[in-house]
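Student: I would like to go through this structure and check each label against its cut-off. Can we begin with the coordinates in view?

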Amino acid sequence: MKVIQSNECVDIPENVEIFVKSRVVTVKGPRGTLRRSFKHARVDITKLTKNKIKVEKWFGTKKEVAAVRTICSHIKNMIKGVIKGYKYKMRYVYAHFPINAAITEKGTVVEIRNFLGERIIRRVTMYPGVTCSPSTQKDEIVLEGNDIELVSRSAALIQQSTLVKDKDIRKFLDGIYVSEKSTVEEQ
């Protein structure tokens, strides 16, 4: 069964500009600019007024109608990113061998040493627009950026680089894990 029409609106704050051209949304705010293409989704994205965007789907199946809300969520995340930014805190967890992470190349590369006492150096490169810095707290690093997807994917790369192989993962809980998700600029 097809739904005749499904739509959802996104409110645009005062200090944010949004441009929509052939399903490519560009969000400009105080922290920078984000662009994202929604050409894969067969939906109509229109700017109704200066502070309202409408995403609608005509005669869509259940999955196509679900994409309307998803695209609205992506646009809201972009708006929040250019206003406040995203910050992920990651903690080192180790039982015996202390993990040593060095941040190099102006916060774009993380080098992880002494993981489970291994000699290998794990190098993780951040996605563009994501910076990594040491925290004031011991055994913690902070990832910051405007795009929530790039920040979270960079955190995932760091976590996946410290996977425990050939051991019981219930016992060996060592690794670098996300401990807190917040915004760069607090309310």
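Student: In which strand is Phe59 found?

Tutor: This is a predicted model. In it, Phe59 is found in strand E6, which covers residues 52-60.

Student: What makes Ile4, Trp58 and Phe59 a patch?

Tutor: Nonpolar side chains are joined within 5 Å, provided that each residue has over 30% relative accessible area and no salt bridge. Ile4, Trp58 and Phe59 form such a nonpolar patch on the surface, with about 350 Å² of accessible area together. For Trp58 the relative accessibility is 43%, so Trp58 counts as partly exposed.

Student: How many aromatic pairs does the ring rule give?

Tutor: The count comes to one aromatic pair. The ring centres of Trp58 and Phe59 are 6.4 Å apart, and the cut-off is 6.5 Å.

Student: Why is the pair of Trp58 and Phe59 called tilted?

Tutor: Planes under 30 degrees apart would be stacked and those over 60 edge-to-face. The planes of Trp58 and Phe59 are at 45°, so the pair is tilted.

Student: How do you know that the charged end of Arg153 sits over the ring of Tyr127?

Tutor: The distance limit is 6 Å from the ring centre, and there is an angle limit of 35 degrees from the ring normal. The charged end of Arg153 is 4.6 Å from the centre of the Tyr127 ring and is listed as sitting over it.

Student: What makes the contact of Arg69 and Glu8 a salt bridge?

Tutor: The limit between nitrogen and carboxyl oxygen is 4 Å, and the side chains of Arg69 and Glu8 meet at 3.3 Å, N to O. Arg69 lies in helix H1 (residues 62-83) and Glu8 in strand E1 (residues 3-11), so the pair ties together parts that are 61 residues apart in sequence. The search of the whole structure finds 12 salt bridges.

Student: Why is Arg122 called buried?

Tutor: Buried means under 20% relative accessible area. Arg122 has 14%, so Arg122 is buried. Its salt-bridge partner is Glu118, at 2.8 Å, N to O. Glu118 has 30% and is partly exposed.

Student: What sets Ser22 and Leu116 apart as backbone cases?

Tutor: Most residues other than glycine have a negative phi. Ser22 has a positive phi of about 45°, and phi of Leu116 is near 55°. Ser22 is in the loop between strands E2 (17-21) and E3 (24-29). Leu116 lies in the loop between strands E9 (109-113) and E10 (122-125).

Notes:
Residues numbered from 1 in each chain as written. Predicted model: local features only at pLDDT ≥ 70, side-chain atom pairs only at ≥ 80, totals over all residues. Heavy atoms only, no water. Patch = residues over 30% accessible without salt bridge, like charges linked within 9 Å, V, L, I, M, F, W, Y side chains within 5 Å. Areas by Shrake-Rupley, 256 points an atom, 1.4 Å probe, with all protein chains shown as cover. Helix = DSSP H or I, 4+ residues; strand = E, 2+ residues; numbered from the N terminus. Phe/Tyr/Trp six-rings, centres within 6.5 Å; stacked < 30°, edge-to-face > 60°. Buried < 20%, exposed > 50% of the residue type's maximum accessible area, 1.4 Å probe, protein only.
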